[in-house]
Amino acid sequence: MRSGKIVIAVFTGTGNTLLMADALAGELRAAGKGVTLAPMERRDVFESRAEAQNADFALGIAAPVACFSTYPTAWRFIDSLPAAEGREVFFLASMGGAGGGMEGPVRRVLEEKGYMPLGALLVRMPGNYGNKTINAGENKKTEAKAREKAKKFARELLDGTARWGRGLPLLSGFLASMAHGRRPWDFFHSMFPIEALAEKCTGCGLCARICPEVNIEMADGKARIGKDCQSCQRCVAFCPAGAICVPLKPSVQYRGAPLDSILSLIGEGGV
Ligand SMILES: Cc1cc2nc3c(=O)[nH]c(=O)nc-3n(C[C@H](O)[C@H](O)[C@H](O)COP(=O)(O)O)c2cc1C
Ligand code: SF4
Ligand code: SF4
């Protein structure tokens with residue numbers, strides 16, 4: 001990697017991807033690179049950064065795998081990136097275990113815009129959906145392995161040995177084109193709707209502030225989930241009252257990272 005400065009644009013639903021992006025950033029900083037993390041859902045924040053005007057910065061993109069592709073929030077960011085004349089770019093995804101070659105279509109879009117792909121890593125993290133119990137010990141082990149992989153990936157980026165696959169022929173492109181539309185997300189949401197339980201909701205409004213799709217409104221002091229949901233689970237994970245759930249998938253609340261880390265990434269104040 002020739003760039004001295006790196007901006008890593010992060011989208012995280014429940015915090016797993018943020019943990020990985022932090023581990024990667026730490027290793028790059030240790031090698032003397034200047035690294036900042038920017039919230040993908042706030043494109044204006046990213047574009048107004050000084051680094052964005054500077055030719056000598058590399059772009060990192062960190063997002064979760066979802067429906068064998070990634071969420072609308074992440075695609076919107078990737079699709080709206082300006083053309084780049086050879087700007088270095090790398091990709092980090094956290095997943096449950098099956099990426100479906102989603103790094104291929106991401107690479108294609110970036111190459112078409114003129115970015116220079118350095119490498120991509122998909123790394124398995126603890127399950128963030130429908131957990132009946134949380135096995136803290138097992139999760140810590142999975143997390144520790146994933147951190148090591150992210151750090152190794154950073155070293156590969158630095159010495160030029162990282163790789164970026166092209167995905168599965170036809171299939172990953174098809175899945176990416178599906179993920180660009182509403183179909184998979186509407187289907188998922190209709191199968192497993194997310195609800196805010198009025199009897200538990202304290203009306204604090206946090207979920208409405210942190211929903212990346214601006215899909216939660218407060219009505220009569222209670223949260224109401226709208227239809228434009230990407231099922232990213234952020235509201236489920238971080239509601240302080242545990243009032244948001246997937247009734248058809250009873251589960252315990254899972255957080256990959258603390259609420260403060262999410263708020264600090266997206267530039268929101270405390271609860
Ligand atoms: C709606 C939804 C869809 C998902 N789809 C996939 C998938 O297709 N493949 C996979 O390996 N993991 C999948 N996962 C798991 C996430 O990729 C994984 O838990 C990731 O680490 C979450 O990152 P985050 O906490 O930053 O949101 C999915 C999770 C959710 C909530
Ligand atoms: S975060 Fe939870 S308690 Fe606060 S408004 Fe949303 S649902 Fe209600
Ligand atoms: S309503 Fe919840 S699950 Fe749906 S997009 Fe917003 S934060 Fe994500």
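Modeller: Let us begin with the surroundings of a ligand, bearing in mind that this is a predicted model. The shell around ligand 2 comprises ten nonpolar residues, three polar residues and no charged ones.

Biologist: Which residues are the closest to ligand 2?

Modeller: Ligand 2 is surrounded by 13 residues, and the closest are Cys201, Cys204, Cys207, Ala223 and Cys239.

Biologist: How do the residues of the shell around ligand 3 divide into nonpolar, polar and charged?

Modeller: In the shell around ligand 3, seven residues are nonpolar, four are polar and two are charged. This shell also has 13 residues, of which Cys211, Cys229, Cys232, Arg234 and Cys235 come nearest to the ligand.

Biologist: Let us turn to the chain as a whole. How many helices and strands does the protein chain have?

Modeller: The protein chain has eleven helices and nine strands. Its C-alpha atoms fill a box of roughly 55 × 40 × 40 Å along the principal axes.

Biologist: What does the radius of gyration say about the protein chain?

Modeller: The general idea is to set the value against that of a compact globule with an equal number of residues. For 271 residues, such a globule would have a radius of gyration near 18 Å; the protein chain has 18 Å, so the two agree. Buried residues account for 44% of the 271 residues. Among contacts with a separation of 6 or more, 77% are between residues 24 or more positions apart.

Biologist: Which domains does the assignment give?

Modeller: The domain assignment gives domain 1, residues 5–176, and domain 2, residues 191–266. Their centres, taken over C-alpha atoms, are separated by 24 Å.

Biologist: How many residues of each domain are in contact with the other?

Modeller: In domain 1, 25 residues are in contact with 18 residues of domain 2. On the side of domain 1 that touches domain 2, helix H1 (16–30), strand S2 (34–39) and helix H4 (72–79) supply at least two residues each. H1 gives the largest share, three residues. By class, this side of domain 1 has twelve nonpolar, ten polar and three charged residues.

Biologist: What does isoleucine 8 touch, not counting residues up to four places away in sequence?

Modeller: With those residues left out, isoleucine 8 touches Ala21, Ala25, Val35, Leu37, Gly60 and Ala62.

Biologist: How should I read a single helix? Which residues of helix H5 are buried?

Modeller: In helix H5, residues 103–112, the buried ones are Glu103, Gly104, Pro105, Val106, Arg107 and Leu110. They pack against H4, strand S4 (88–95), strand S5 (116–124) and helix H7 (171–180). Just after H5, glycine 114 takes a positive phi of about 100°.

Biologist: Where is phenylalanine 68 found, and is it buried or exposed?

Modeller: Phenylalanine 68 is found in the loop between strand S3 (57–64) and H4. It counts as buried because it has 20 C-beta neighbours inside 10 Å, and 20 or more is the cut-off for burial. Its phi is near 55°, a positive value in a residue other than glycine.

Biologist: What of leucine 170: is that residue buried or exposed?

Modeller: Leucine 170 has 8 C-beta neighbours inside 10 Å and therefore counts as exposed. It lies in the loop between helix H6 (136–159) and H7. Although it is not a glycine, leucine 170 has a positive phi of about 65°.

Biologist: Finally, why does valine 252 count as exposed?

Modeller: Valine 252 counts as exposed because it has 10 C-beta neighbours inside 10 Å. It is found in the loop between strand S9 (244–245) and helix H11 (259–266).

Biologist: Which residues is valine 252 in contact with, leaving aside its neighbours within four places in sequence?

Modeller: Valine 252 is then in contact with Asn131, Thr133 and Ile134. Its C-alpha atom and that of alanine 144, 108 residues apart along the chain, are separated by 22 Å.

Technical notes: Residues numbered from 1 in each chain as written. Chains lettered and ligands numbered in written order. Predicted model: local features only at pLDDT ≥ 70, side-chain atom pairs only at ≥ 80, totals over all residues. Domains from an automatic or database assignment. Contact = placed C-beta atoms within 7 Å. Helix = DSSP H or I, 4+ residues; strand = E, 2+ residues; numbered from the N terminus. Nonpolar A, V, L, I, M, F, W, Y, C, P; charged D, E, K, R; others polar. Near = placed C-beta within 6 Å. Rg over C-alpha atoms; globule rule 2.2 N^0.38 Å. Buried ≥ 20, exposed ≤ 12 C-beta atoms within 10 Å, placed from the backbone.
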